[in-house]
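Student: I am new to this structure. Could you show me how to read its charged side chains?
Tutor: Gladly; let us look.

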Amino acid sequence: MRKLKPTSAGQRQTKIPSYRKVLTASKPHKPFTKGKKKISGRAASGRISVRHKGGGHKRRFREIDFTYAQHDVIGVIKSVEYDPNRSGFISLVSYQNGFRAYVLTPASLKPGDSFLVSEKARVKPGNRLPLRKIPVGVFVYNVEIHPGGGAKISRSAGNYAEVVANEAGKTSLKLPSGEVRKVSENSWASVGEVSNNEHKLRNLGKAGRSRWLGIRPTVRGSVMNPVDHPHGGGEGKQGIGLRLGPKTPWGKQALGVKTRKTKKYSNSAIVTRRKRKKRK
């Protein structure tokens with residue numbers, strides 16, 4: 001991590017990863033970039049569905065290969081690059097058959113290193129195999145939920161899932177949230193973990209840096225009016241005054257309450273639920 005000199009109030013607490021020691025390219029590979037319209041947390045109807053999103057710096061979208069369709073062909077990492085659309089680093093990969101693509105960078109690989117997507121590949125960081133070929137206790141990332149469907153699990157910076165068991169055509173994975181989930185043993189996964197594990201240690205230092213990232217301010221419900229939030233109203237600073245605990249702006253219970261649907265199609269795949277936050 002790099003701590004900035006306190007030459008201003010905004011830099012006094014700022015801690016950011018040392019990108020110069022890791023990144024090897026300053027500009028993306030143009031054929032794999034395109035423009036993307038910002039929706040700022042709005043649904044198709046135009047109404048806000050996710051609050052506190054909007055603004056931010058203009059971005060170019062990088063097309064990432066999450067399917068890894070080049071099987072039994074060695075791929076060589078040519079560069080490690082920053083991607084404004086995700087927390088982990090990305091790498092431009094050149095395969096021996098001439099195919100090129102962007103992939104998520106494994107934590108221990110650097111330019112010049114190679115990896116292989118094959119059922120016969122060795123279990124080493126960067127290589128990609130079916131889950132049935134990966135021993136128990138190995139860390140994996142870029143995991144498919146359905147075979148051939150592309151990576152969906154453990155894709156953000158420093159994340160990985162642990163192979164817990166292989167039995168009856170299913171592989172049990174311990175996810176970053178603590179949840180243990182069953183996935184088809186024919187699903188593919190990459191060995192290792194995603195790069196930039198220092199991402200969680202960063203301190204933005206000032207409100208402006210959050211706005212550059214497209215994060216708008218969050219206001220406490222207790223300082224609002226009663227018409228705007230269940231916690232609002234009252235003279236001066238005081239408790240929320242609700243017998244059933246804190247509420248969302250729409251009057252639903254918050255903090256530690258289960259929100260998963262009881263009849264969700266994937267309930268049968270979950271062995272152990274993720275850890276719930278204990279209420280004081």
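Predicted model: local features only at pLDDT ≥ 70, side-chain atom pairs only at ≥ 80, totals over all residues.

Student: Where is lysine 261 found?
Tutor: In the loop between helix H1 (207–212) and strand E17 (270–272).

Student: Which residues form a positive surface patch?
Tutor: Lys258, Arg260, Lys261, Lys264, Arg273 and Arg274.

Student: What about opposite charges?
Tutor: Side chains of opposite charge can pair when their charged atoms come close. Here the count is five salt bridges, with nitrogen and oxygen required to lie within 4 Å.

Student: Which residue forms a salt bridge with lysine 110?
Tutor: Aspartate 113 does, with the closest N and O atoms 3.8 Å apart. Lysine 110 is exposed, because its relative accessibility is 52%. Aspartate 113 has 23%, so it counts as partly exposed.

Student: Which side chain meets arginine 132 in a salt bridge?
Tutor: That of glutamate 119, at 3.1 Å from N to O. This pair links distant parts of the chain, 13 residues apart. Arginine 132 sits in the loop between strands E9 (128–130) and E10 (139–141). Glutamate 119 lies in the loop between strand E8 (114–116) and E9. Arginine 132 is partly exposed at 34% relative accessibility, and glutamate 119 is partly exposed at 38%.

How values were computed: Residues numbered from 1 in each chain as written. Heavy atoms only, no water. Patch = residues over 30% accessible without salt bridge, like charges linked within 9 Å, V, L, I, M, F, W, Y side chains within 5 Å. Areas by Shrake-Rupley, 256 points an atom, 1.4 Å probe, with all protein chains shown as cover. Lys, Arg positive; Asp, Glu negative; His and termini not counted. Charge placed at Lys NZ, Arg CZ, Asp CG, Glu CD. Helix = DSSP H or I, 4+ residues; strand = E, 2+ residues; numbered from the N terminus. Buried < 20%, exposed > 50% of the residue type's maximum accessible area, 1.4 Å probe, protein only.
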